[in-house]
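Biologist: I am new to reading models. Could you show me how to go through one, feature by feature?

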Amino acid sequence: EIIKLAPLIPLLDEQPGMVKGVVMDDKNQPVADAKVTLEMVGGTGRKFETKTNKKGEYIQIGLASGQYKVTAEKDKLGSAPATVGVRANSTQEANLVLAMASAAATKEAQAKNAAITKVFDEGVQLSNAGQHDAAIAKFQEAIGIIPTCYNCYNNIAFSYTAKKDFASAETAYKKSIEVKPDDAAAYVGLAGIYFNTGKSAEAQPLIEKAVQIDPSNADAHYIYGMTLVASDPAKAKAQFEEFVKLAPTAPNAA
């Protein structure tokens, strides 16, 4: 049976996601009590604020799926904005650096973020509509703006998977991992391809790493359980229980 993985695009009926990260200064030291603002793009007006702890860490839960602009500030210092794509049942990461940025650099960063957000959102809409070739073109356009857009590669891989072009999807997921080695979503997607194409042995180490990186990723626990059913049913059972706890309404929960 082919596993239907949750797409790497916003869905309306899934559990909230979260964003976490670390705020550092220009000397690579953690910044405590910095205000972190997460603003959903697209004119929704949704905005969340939190503060860093003594280690410079922050976390914001309860986020609807979508694109968010994340910034940090303290004592008249600010960070360049980071754009993250939040998905249900998963954690995204945005690490920020506080510095006295020049007006020109700040303006350029804001312009790039605005441009990639527009193109990325257009790609998501096309993917949702099943227009995967057009969606891939949009995400590739976004990569042209910011080459480190790992979530663009993830969405390209999702569209190729929907087209059953597994070789191209594999390449895109591998590129995402190259850009961001600690992105659990790419490991989950790549492991899903391997498992569904009869390469369980190759899938297992990838999905183990995904669970290690992001224990809140429901799909990671599901695929991990599937790879263990024949060899270790008890361990598979524990993974399935965790999956159902994290995503009780997901298509595979029953």
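**An aromatic cluster and its surroundings**

Modeller: Start with one side chain. Y222 is buried, as its relative accessible area is 11%. Buried means under 20% relative accessible area, exposed means over 50%, and partly exposed lies in between, with a 1.4 Å probe and protein chains only. This is a predicted model: local features need pLDDT of at least 70, side-chain atom pairs count only at pLDDT 80 or more, and totals for chains, interfaces and linings use all residues. Residues are numbered from 1 along each chain as its sequence is written, and side-chain values use heavy atoms, with hydrogens and water left out.

Biologist: How far apart are the ring centres of Y222 and F243, and at what angle are their planes?

Modeller: First the general idea. Rings of Phe, Tyr and Trp (its six-membered ring) pair if their centres lie within 6.5 Å. Planes under 30 degrees apart count as stacked, over 60 as edge-to-face, and the rest as tilted. Now the case. The ring centres of Y222 and F243 are 5.0 Å apart and the planes are at 45 degrees, so this pair is tilted. The two residues lie in distant parts of the chain: Y222 is in helix α7 and F243 in helix α8, 21 residues apart. F243 is buried, at 2% relative accessibility.

Biologist: How many aromatic pairs does the structure hold?

Modeller: There are 4 aromatic pairs. One of them joins Y222 and F240, with centres 6.0 Å apart and planes at 50 degrees, so it is tilted. This pair also links distant parts of the chain, from Y222 in helix α7 to F240 in helix α8, 18 residues apart. F240 is partly exposed, with a relative accessible area of 24%. Together, Y222, F240 and F243 form one aromatic cluster.

Biologist: Which ring has the charged end of K180 over it?

Modeller: A charge sits over a ring if NZ of Lys or CZ of Arg is within 6 Å of the ring centre and within 35 degrees of the ring normal. Here the ring belongs to Y150, and the charged end of K180 is 5.2 Å from its centre.

Biologist: You keep naming helices. How many helices and strands does the chain have?

Modeller: Helices (H or I, at least four residues) and strands (E, at least two) are DSSP runs, numbered from the N terminus. This chain has 8 helices and 9 strands.

Biologist: How do I check the length of a helix such as α6?

Modeller: The expected span is 1.5 Å times one less than the number of residues. Helix α6 covers residues 200–213, which is 14 residues, so the span should be 20 Å. Its end C-alpha atoms are 20 Å apart, in agreement.

Biologist: Which residues of α6 are buried?

Modeller: They are A203, L206, I207, A210 and V211. Look down the axis of α6: the buried residues fall within an arc of 140 degrees, so they line one face of the helix. The arc is that of the directions from the helix axis to the C-beta atoms. The face turned away from the buried side carries the exposed residues A201 and Q212.

Biologist: What do the buried residues of α6 pack against?

Modeller: They pack against α5 (184–196), α7 (218–228) and α8 (233–246). Contact means heavy atoms within 4.5 Å.

Biologist: Which contacts does Q92 have?

Modeller: Q92 is in strand β8 (residues 91–93). It is buried, with a relative accessible area of 3%. Leaving aside neighbours within four places in sequence, Q92 is in contact with M18, V19, K20, G85, V86, R87, Y150 and D183. The C-alpha atoms of Q92 and K20 are 6.4 Å apart, while the two residues are 72 residues apart along the chain.

Biologist: What is the mean pLDDT of the chain?

Modeller: pLDDT is the predictor's confidence in each residue, from 0 to 100. The mean is 86, and 89% of the residues reach 70 or more.
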